[in-house]
Amino acid sequence: MSTATADGAATPGRASSAPPAKRPSAKKRKSLMGTRPWLAAVFLLPALVLLGALVVYPIVYSVYRSFFDASGNGFVGLDNYQEMFSDDATKTAIKNNVIWLILAPTVSTALGLIFAVLTERVRWATAFKLVVFMPMAISMLAAGIIFRLVYEQDPDKGVANAMWVSVHDSFSESPPFPGAHPRPTAGLTEASNGSFTTKDAVRAGTPTSLPLVAAKRGDISGAQDAKAAKAEPGKITGTVWFDFTRGGGGEQGTIDKGEKAMADLKIEAVKDGKVVARTKSAADGTYTLPAKAEGAQLRLPAWNFSEPYNGVDWLGPSLVTPAVIGAYVWIWAGFAMVLIAAGLAGVPRELMEAARMDGANEWQVFRRITVPMLAPVLSVVVVTLMINVMKIFDLVYIIAPGPSQDDANVLALQLFQSSFGTDVNQGLGSAIAVLLLLLVLPVMFINIRRIRRESRR
């Protein structure tokens, strides 16, 4: 044993007289631990009040209101839920929500994954990601207005149809004079398919005139003046022209000064129901057919006067939902790309290089290494987009025109129309809100479980 001297040195053989270190009393420990929940409660109280006022109370009241009629005074039990599932509009909304739930998150995530992987190998990756992510800075309202213009039917206004029509016209001819037709006194009869045929058979050496009217000014402007065809032995000749003199005057059926030629019209010689010769009118309106057209009737096919191709009816009943989903993907693909690119930065490059050295090609590396390593990030993106898609409203409301809005209907839009539309029934609207909540809850629980599972790692 040892003892401590006055200067603090210990001497052998004596017990130390220094007092032991003091521990905080149980009362003090309890006081410190007891104040922390109160402090937490003080800081959390404003958030809890807002959460209760803006989330909990509306949910409880919506459930309560769904058991009452439109006036809110009569208790109807489950009648609103029964009406909801028997209503065609709600059935369409549920069907469209399923389509949204399958297509929108899948396509957005797939594009985000492709963009994230491809941009790793280019120098301008940052600029590309900025461009792709930029739509996220645009509100849904603005994006809806943009795509309402993009999907305009008129190719002169809608970008989608302008591109579609230009591709279509690259592979097929456009009709030269939509809406034009012969004069009633021109000696041509109209068939049920819109074509026009001469009443009499044509003869070689006698020019056959084909006067037309009702051509659009834009199709005629810049055309040459019509020229009277000359008779040619053994050949069928004639002229096709716009039989109208600006300012009035002129004689019907006669080529007057200043009347315009109609070029590029298809002309067929038909004998016994068969086409024996074909030609097109020249720039001055004249045409020539060979001797075998002798005794045939001339026919102007309906194609000459049909309306030009105006593209796809993107906002029609059959395509309106995919069109709106396309607008959604344009906005959210950048979100998916940024999250996936962040996850891709954490993938060990040694694994990829080892796989390449073992003979794996780029597709095998992508499928067997990149995608499995990114599975947690991909699940985050998909679940987040699924929750977002279930509540989609504004894009559908803005992009879908009135005639197609019922075909593009979704649950959030049906909720709005039932609660605040022309035929107001807030009991039915509350029932739809409860259904929407029940559909969102499983996805939210999956997301919460995933977060908790990752926090334990």
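Me: A charge sits over a ring if NZ of Lys or CZ of Arg is within 6 Å of the ring centre and within 35 degrees of the ring normal. In this predicted model, what makes Lys 266 a case of this with Trp 303?

Reply: Lys 266 lies 4.2 Å from the ring centre of Trp 303, and the limit is 6 Å. Lys 266 is therefore placed over the face of Trp 303.

Me: How many aromatic pairs does the structure hold?

Reply: The structure holds 22 aromatic pairs. One of them joins Phe 393 and Tyr 397.

Me: Why is the pair of Tyr 397 and Phe 416 called edge-to-face?

Reply: Here the centres lie 5.6 Å apart, with 75° between the planes. An angle over 60 degrees counts as edge-to-face, so that term applies to Tyr 397 and Phe 416.

Me: What makes this a link between distant parts of the chain?

Reply: Tyr 397 belongs to helix H12 (residues 394-399) and Phe 416 to helix H14 (residues 411-420), 19 residues apart.

Me: Why are Phe 393, Tyr 397 and Phe 416 called partly exposed?

Reply: The relative accessibility is 23% for Phe 393, 40% for Tyr 397 and 29% for Phe 416. Buried means under 20% and exposed over 50%, so Phe 393, Tyr 397 and Phe 416 count as partly exposed.

Note on methods. Residues numbered from 1 in each chain as written. Predicted model: local features only at pLDDT ≥ 70, side-chain atom pairs only at ≥ 80, totals over all residues. Heavy atoms only, no water. Phe/Tyr/Trp six-rings, centres within 6.5 Å; stacked < 30°, edge-to-face > 60°. Buried < 20%, exposed > 50% of the residue type's maximum accessible area, 1.4 Å probe, protein only. Helix = DSSP H or I, 4+ residues; strand = E, 2+ residues; numbered from the N terminus.
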